[in-house]
Amino acid sequence: MGSLLFVASEAYPLIKTGGLADVAGVLPEVLRRAGVDVRLLLPAYAQVLARVKQPRVLAELELAGVPVRLLETRLPQTSLVTWLVDHPSFSVRGGNPYQDPAGAPWPDNADRFMLLSRAAAAISTGRTTLHWQPDVLHCNDWHTGPAIALTHRSATRSRTVFTIHNLAHMGLFDRATFDRLQLPADLWQPAAMEYYGQCSFIKAGLVYADHITTVSPTYAEEICHAPGGMGLEGLLSERRERLVGILNGIDVDTWNPASDPLLKQPYDADSLQDKALNKRALQRELGLRECDDRPLLGFVGRLAEQKGLELLLPVIDTLLDSPAQLVVLGTGEPGYERRLQALAANRPQTMALSLTYNESLAHRIEAAADLFLMPSLFEPCGLNQLYSLRYGTLPVVRRVGGLADTVVDTDADTLRTGSATGFVFEQPTPEALLQAARRAIDLWHDTQLWRQVQLTAMAQDFSWQQSAARYLALYGFATDARGDN
Ligand code: ADP
Ligand code: GLC
């Protein structure tokens with residue numbers, strides 16, 4: 001069919017901080033099963049090395065004078081060949097791939113992700129001893145942007161695809177860093193990597209990729225205009241014909257309420273009453289009052305401005321008084337952590353807070369909650385609302401990006417046609433969120449209608465099959481699917 005090098009800075013289950021890892025941990029494997037000769041390329045972080053069994057040394061590369069080893073392993077529980085870029089700046093360091101324990105970016109991030117990019121460029125232009133070169137180089141987010149710029153001028157390069165998972169993270173560095181990285185001098189210009197006096201790794205991907213994708217059709221539209229384009233709307237609208245929004249899928253095996261081993265009690269559409277057992281178990285586990293007479297609201301995510309904390313924080317007290325209970329799982333900006341702690345301290349029986357990164361608790365919240373809150377200011381795709389739909393936990397979302405593309409608001413019409421799956425609001429204000437959450441809570445008290453919407457939500461198909469077919473078409477690997485919007 002064709003060969004593909006898929007490059008990302010994280011992939012579940014080896015290393016994860018957010019949705020990028022969920023995508024990079026599934027899409028390449030789905031493509032492999034469709035017949036593509038795929039290699040996944042990741043940094044060999046210490047956490048990754050701790051999770052893989054005896055990787056073998058595949059090659060030694062010298063990248064702009066820096067020696068690195070390329071290791072080969074398999075992505076756990078799959079046959080996906082995974083190559084790891086092994087250098088001390090990845091492997092001799094714990095914690096988060098991007099930040100030090102105090103939350104500041106690692107000071108050598110530009111150098112580290114330049115190495116990842118250079119490794120991808122060397123492989124995809126055939127400048128290694130590997131005897132393997134991909135037909136397509138697919139890079140993801142800013143960490144991999146320079147790979148596209150570096151291969152662009154090579155006569156032996158692969159076709160290139162660059163996916164934007166989040167335009168807010170541009171990989172910005174100063175002029176001195178640009179000089180230190182020994183990039184071609186002409187990349188320092190507004191038509192290349194320069195972004196308002198800094199060097200932007202993401203622009204290196206956006207300017208030079210043969211195709212740009214992002215993770216939902218609505219976000220593809222939003223980033224071609226201010227404010228969604230964050231200063232890159234000019235470039236993106238110029239390249240509009242090369243930009244396509246392909247909705248993320250989800251791993252329907254990992255996120256399956258009928259077989260999820262992390263749940264107290266698995267359930268499906270035919271045993272939906274068992275969902276309540278998960279609610280009881282979570283209330284007990286987190287010290288909330290055990291009761292069925294009020295809805296349990298859930299929030300899981302990075303505590304960052306993007307996720308709409310400024311909308312949520314002011315309405316928590318009012319929501320709890322409605323009455324309802326709330327569970328929040330997240331890590332992120334210290335200011336948000338403190339404000340959440342203050343709210344939770346006053347409400348021990350109705351609000352539970354876990355300021356941790358806890359994959360298993362995330363599953364238990366998806367299963368236990370009645371409603372899932374996602375009031376994002378912007379959201380390229382969003383995966384949590386998709387997990388929520390599958391778990392019959394109705395999402396309350398803002399009409400932006402992938403949230404707009406995946407959740408159908410509940411009103412008289414959509415109830416009648418049986419298409420309602422959640423609650424959608426427009427304005428980025430606490431009042432608008434509160435109103436939508438109130439509509440949701442009102443419906444929750446109508447057991448029959450609530451059940452109807454839950455069943456519609458659970459029946460939605462967000463598996464990777466359709467989206468993978470779109471990528472195949474874009475790569476030029478398939479003839480029976482179209483790669484346009
Ligand atoms: P983003 O990539 O912007 O963070 P997504 O909704 O695409 O948002 O994906 C977030 C992913 O990270 C989901 O799989 C979610 O469950 C997970 N996640 C975020 N924060 C936490 C946390 N504190 N504990 C466990 N999982 C988390
Ligand atoms: C980003 C976005 C999120 C998206 C994820 C995976 O982190 O913030 O909306 O779902 O990438 O594409």
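Visitor: How far apart are the centres of domain 1 and domain 2?
Guide: They are 32 Å apart, taken over C-alpha atoms. Keep in mind that this is a predicted model.

Visitor: Which residues make up domain 1 and domain 2?
Guide: Domain 1 covers 3-249 plus 465-475. Domain 2 covers 269-461.

Visitor: How many residues does the contact take from domain 1 and from domain 2?
Guide: Domain 1 gives 20 residues to the contact, and domain 2 gives 16.

Visitor: What area is buried between domain 1 and domain 2?
Guide: About 1,300 Å² is buried there. Carbon and sulfur atoms give 57% of that area.

Visitor: And how many residue pairs are in polar contact between domain 1 and domain 2?
Guide: The count is 7 residue pairs, with both residues at pLDDT 80 or more.

Visitor: Which elements of domain 1 give two or more residues to the side that touches domain 2?
Guide: Helix H1 (19-24) and helix H9 (217-222) do. H9 gives the largest share, with 4 residues.

Visitor: What classes of residue does that side of domain 1 have?
Guide: It has 7 nonpolar, 10 polar and 3 charged residues.

Visitor: How many salt bridges cross the interface of domain 1 and domain 2?
Guide: The rule finds 1 salt bridge across it.

Visitor: Okay, zoom in on Glu359. Which side chain meets Glu359 in a salt bridge?
Guide: That is the side chain of Lys16. The N to O distance is 3.2 Å. Lys16 turns up again beside ligand 1, as one of the closest residues.

Visitor: Then let's switch to ligand 1. How many residues surround ligand 1?
Guide: There are 21 of them. The closest are Lys16, Gly19, Asp22, Arg302 and Lys307.

Visitor: What does Asp22 do there, in terms of atoms?
Guide: An N or O atom in the Asp22 side chain is 2.7 Å from an oxygen atom of ligand 1.

Visitor: Which backbone atoms come up around ligand 1?
Guide: Take Thr356 to begin with. A backbone N or O atom of Thr356 lies 2.9 Å from a nitrogen atom of the ligand. Then there is Leu383. A polar backbone atom of Leu383 is 2.9 Å from an oxygen atom of ligand 1.

Visitor: And ligand 2? Which residues are the closest to ligand 2?
Guide: They are His165, Asn248, Glu379, Cys381 and Gly382. In total, 14 residues surround ligand 2.

Visitor: How far is the His165 side chain from ligand 2?
Guide: One of its N or O atoms is 2.6 Å from an oxygen atom of ligand 2. For the side chain of Glu379, the distance from an N or O atom to a ligand oxygen is 2.5 Å. Pro380 has a polar backbone atom 3.5 Å from an oxygen atom of ligand 2.

Visitor: Back to salt bridges. How many does the count come to?
Guide: It comes to 26.

Visitor: Give me an example. What is the partner of Asp108?
Guide: Arg93 is, with N and O 2.8 Å apart. Both residues lie in the loop between helix H4 (88-91) and helix H5 (109-124), so the pair ties together parts that are 15 residues apart in sequence.

Visitor: Which residue does Glu221 form a salt bridge with?
Guide: With Arg240, the closest N and O atoms being 2.8 Å apart. Glu221 sits in helix H9 and Arg240 in the loop between helix H10 (233-238) and strand S12 (243-245), so this pair ties together parts 19 residues apart in sequence.

Visitor: New topic: the backbone. Where are cis peptide bonds?
Guide: One joins Tyr12 and Pro13, with omega about 5°. Pro13 is in the loop between strand S1 (3-7) and H1. Another cis bond joins Ala226 and Pro227, with omega about 0°. Pro227 is in the loop between H9 and H10.

Visitor: Last one. What is the phi of Asp141?
Guide: It is positive, about 60°, although Asp141 is not a glycine. Look for Asp141 in the loop between strand S6 (136-140) and helix H6 (145-152).

How values were computed:
Residues are numbered from 1 along each chain as its sequence is written. Chains are lettered from A and ligands numbered from 1 in the order in which they are written. This is a predicted model: local features need pLDDT of at least 70, side-chain atom pairs count only at pLDDT 80 or more; totals for chains, interfaces and linings use all residues. Side-chain values use heavy atoms; hydrogens and water are left out. Domain bounds come from an automatic or database domain assignment. Contact means heavy atoms within 4.5 Å. Buried area is the accessible area (1.4 Å probe) that two parts lose on being put together, summed over both. A salt bridge is a side-chain nitrogen of Lys or Arg within 4 Å of a carboxyl oxygen of Asp or Glu. A polar contact is a pair of N or O atoms within 3.5 Å; within protein, one must be able to donate a hydrogen and the other to accept it, and residues adjacent in sequence count only if both atoms are side-chain atoms. Ala, Val, Leu, Ile, Met, Phe, Trp, Tyr, Cys and Pro count as nonpolar, Asp, Glu, Lys and Arg as charged, and the others, Gly among them, as polar. A residue is near a molecule or strand if one of its heavy atoms lies within 4 Å of it.
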